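This report describes one protein model, part by part. Look at the sequence and the structure first, then read on.

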Amino acid sequence: MNEKVDIRVKVDPTRQDPSVIIQTPEKSELVENIIYAIERCVDTEFPQVSVYEGESVVMLNQWDIVRVYSENRKLAVITEEGDYESRATLKELEEILDRDCFVRISRFEIINLRKVHSFDFSTTGTINVIFEDGSETWVARRYVKAIRETLGHRQG
């Protein structure tokens, strides 16, 4: 990656809070990395999530989570770097996760919308979710309408 980044600071005494605008010809890995870095530097509203890797406790940044799901009475927390286990309930995690990024797609699963590559609406009555890492999951039928509304996708 041999891209250069032009960074400029414009002081505006009329602004209350800083604003970041990224101008780019296309969304790229570099742009995603810049967004990722900025979010992690300034966002203290959403706490890290404690998970287990064996007997070790690992603190995860919320933005690193791809999906969380319950299987065989255990809660799996999936990231691009690895899979972990949580001793919290899905409901407890749902309460601390950023509601702008995380959405419930079934009784047993929550996904991070920022880690989704695409939604496939081609199968009538359901939605296939394809993540950036190539993994997939399905939206439960009873959650399809809510997900369509969240995404602004109307059936027609």
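## Salt bridges

Which residue forms a salt bridge with Glu109? The partner is Arg67, and the closest N and O atoms are 2.6 Å apart. A salt bridge is a side-chain nitrogen of Lys or Arg within 4 Å of a carboxyl oxygen of Asp or Glu. Arg67 belongs to strand 3 (residues 65–71) and Glu109 to strand 7 (residues 109–112), so the pair links distant parts of the chain, 42 residues apart; strands (E, at least two residues) and helices (H or I, at least four residues) are DSSP runs, numbered from the N terminus. Both Arg67 and Glu109 are buried, where buried means under 20% relative accessible area, exposed over 50%, and partly exposed in between (1.4 Å probe, protein chains only).

The structure holds five salt bridges. Another of them joins Lys115 to Glu80, with 3.6 Å between the closest N and O atoms. Because Lys115 lies in the loop between strand 7 and strand 8, and Glu80 in the loop between strand 4 (74–79) and strand 5 (83–86), this pair ties together parts that are 35 residues apart in sequence. Lys115 is buried, with a relative accessible area of 11%, whereas Glu80 is partly exposed at 43%. Lys27 and Glu32 also form a salt bridge, their closest N and O atoms being 3.0 Å apart. Lys27 is exposed, at 63% relative accessibility, and Glu32 is partly exposed, at 30%.

## How the model is read

This is a predicted model: local features need pLDDT of at least 70, side-chain atom pairs count only at pLDDT 80 or more, and totals for chains, interfaces and linings use all residues. Residues are numbered from 1 along each chain as its sequence is written, and side-chain values use heavy atoms, with hydrogens and water left out.

## Helix 3

The buried residues of helix 3 (residues 144–151) are Val144, Ile147 and Arg148. They lie on the same side of helix 3, because they cover an arc of only 100° around the axis; the arc is that of the directions from the helix axis to the C-beta atoms. These buried residues pack against strand 6 (102–106), strand 8 (116–120), strand 9 (127–131) and strand 10 (136–139), contact meaning heavy atoms within 4.5 Å. Just after helix 3, Gly152 has a positive phi of about 70°.

## Strands 1 and 2

Strand 1 (residues 49–53) and strand 2 (residues 56–60) run antiparallel and are joined by five bridges; two strands pair if DSSP finds at least two bridges between them. Ser50 stands opposite Met59 in strand 2. The hairpin of strand 1 and strand 2 has two residues between the strands, and Gly54 takes a positive phi near 70° there.
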